[in-house]
Amino acid sequence: MASRRVNRQLLGPVLAGFFIMGFCDIVAPITGRIAAEFPAGSRMAVSFLPTMVFLWFLVLSAPFAAWMNRLGRRRMALAGYALTFAGLLVPYLAGAGCSLGWYFAGFGLLGIGNTAIQVAVNPLLATIVPENRMTSYLTVGQIFRNTSLLLLAPIVTGLVALTGSWRLLLPLYAGLTVLGGLWLSLTPVPEPPRAPHAAGLGACFALLCNRTVLLSALGVACFIAADVAIGYLSVRLIDRPSSILTTTGFYACRIVGTIVGAWVLLRLRDVRYLAWNMAGVLLLSLVLLVTGNETVIYAAVGLMGFGMACVFATFYAAATRAVPEQANGVAGLMILAISAGAVSGPVCDAILRAAGNPHWGMLFVAALVGYMLWAARTLDKQGQR
């Protein structure tokens with residue numbers, strides 16, 4: 001049980017883990033730059049590089065959670081850092097002009113490492129903060145991750161301007177991963193005692209029999225799918241190159257939303273605040289379904305980023321509170337749910353091909369947000385705090 005006061009010396013290295021989580025998100029933005037290195041016939045294969053990240057969330061989250069019962073949270077996080085470091089360096093050391101296989105190998109290791117980090121760091125944070133403040137601190141963790149995402153574009157742009165290539169991003173992030181790992185390894189973060197006969201994979205999936213855990217896991221899946229769909233659709237709602245600024249605005253407003261949420265969630269029931277936000281995001285998705293006004297589109301996408309800021313933290317905290325003695329298993333299920341993001345691209349692309357209009361894709365987003373609104377209201381009625 002965490003003490004009432006949070007030890008900031010313990011908090012720093014754990015929050016750094018959230019920043020390093022964001023490193024896996026380099027894959028999608030730089031896929032276009034990697035594709036430019038290969039002939040046209042290979043570019044379709046390059047488009048599958050982001051799948052290497054989502055794939056491991058699906059395959060390894062629950063097994064890692066079961067393994068973590070024996071290994072411990074900090075050691076699991078450090079193993080994830082080591083794999084992330086290796087994954088970032090493999091394509092860099094292979095050199096410019098290397099075969100596509102080196103990128104698949106490197107980003108595969110990056111995805112495996114990031115899965116381990118996400119499975120470990122969320123429950124590790126839960127051990128050092130009071131239960132009634134967990135949602136707020138998980139939201140603070142998302143501030144660090146979103147900052148990592150927001151810095152990616154300026155860093156890549158600066159590296160290209162200075163060196164003519166984006167590739168120095170890989171050793172830069174590898175070095176930051178080493179620093180984060182050293183910081184965590186030198187910090188004695190407390191953990192719950194490991195049982196001699198720790199729960200295995202079956203016990204992890206058995207948690208879905210708990211209604212709160214099931215609602216929350218599906219909520220995380222819908223959140224990630226909606227998040228990816230908004231990113232996919234927002235740059236297509238405006239027919240000009242500058243439309244990529246919608247994504248920048250989305251993540252910038254999300255950071256604002258996480259800062260505001262970290263304060264609000266200390267004073268308000270988290271699932272109730274989530275329900276209010278989802279009602280607003282649902283309305284915004286319907287606005288984007290019908291409007292073609294650029295100003296309205298930029299504003300609506302930004303406000304959606306604000307409203308989506310605290311979703312993961314709230315669902316994760318609700319599930320953990322329901323079965324606190326199984327926090328490792330909950331972490332595995334929540335991170336497994338992230339793999340739902342893999343369906344958004346194909347679904348949105350199918351809608352775009354069928355309707356010929358990206359605005360219709362917002363119906364998919366609205367359906368996902370509608371579930372999150374219903375789940376939040378249901379959890380609120382159950383008395384979740």
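Mentor: Once its neighbours within four places in sequence are set aside, Gln-142 is in contact (heavy atoms within 4.5 Å) with Phe-18, Thr-258 and Phe-312. The model is predicted, so local features need pLDDT of at least 70 and side-chain atom pairs count only at pLDDT 80 or more, while totals for chains, interfaces and linings use all residues. Residues are numbered from 1 along each chain as its sequence is written, and side-chain values use heavy atoms, with hydrogens and water left out.

Gln-142 belongs to helix α7, residues 134–163, where helices are DSSP runs of H or I with at least four residues, numbered from the N terminus. Its relative accessibility is 11%, and Gln-142 therefore counts as buried; buried means under 20% relative accessible area, with a 1.4 Å probe and protein chains only.

Helix α15 (residues 327–337) has eleven of its eleven residues buried, including Asn-328, Met-334 and Leu-336.

As for packing, helix α1 (residues 8–21) meets helix α8 (residues 169–185) at an angle of about 155°, with their axes 9 Å apart; the axes are lines fitted to C-alpha atoms over the stretch in contact, and angles run from 0 to 180 degrees between N-to-C directions. That makes α1 roughly antiparallel to α8, a term for angles over 145 degrees. The contact is made by residues that include Gly-12, Pro-13 and Phe-19 of α1 and Leu-176, Gly-180 and Trp-183 of α8. These contact residues divide into seven nonpolar, three polar and no charged, where Ala, Val, Leu, Ile, Met, Phe, Trp, Tyr, Cys and Pro count as nonpolar, Asp, Glu, Lys and Arg as charged, and the others, Gly among them, as polar.

Helix α5 (residues 73–94) also packs on α8, at an angle of about 165° with the axes 9 Å apart, and α5 and α8 are therefore roughly antiparallel to each other. Among the residues making this contact are Arg-74, Tyr-81 and Tyr-92 of α5, and Tyr-173, Thr-177 and Gly-180 of α8; the contact residues divide into 14 nonpolar, five polar and one charged.

Terms used:
Helix = DSSP H or I, 4+ residues; strand = E, 2+ residues; numbered from the N terminus. Parallel < 35°, antiparallel > 145°, perpendicular 65-115°, else oblique. Buried < 20%, exposed > 50% of the residue type's maximum accessible area, 1.4 Å probe, protein only.
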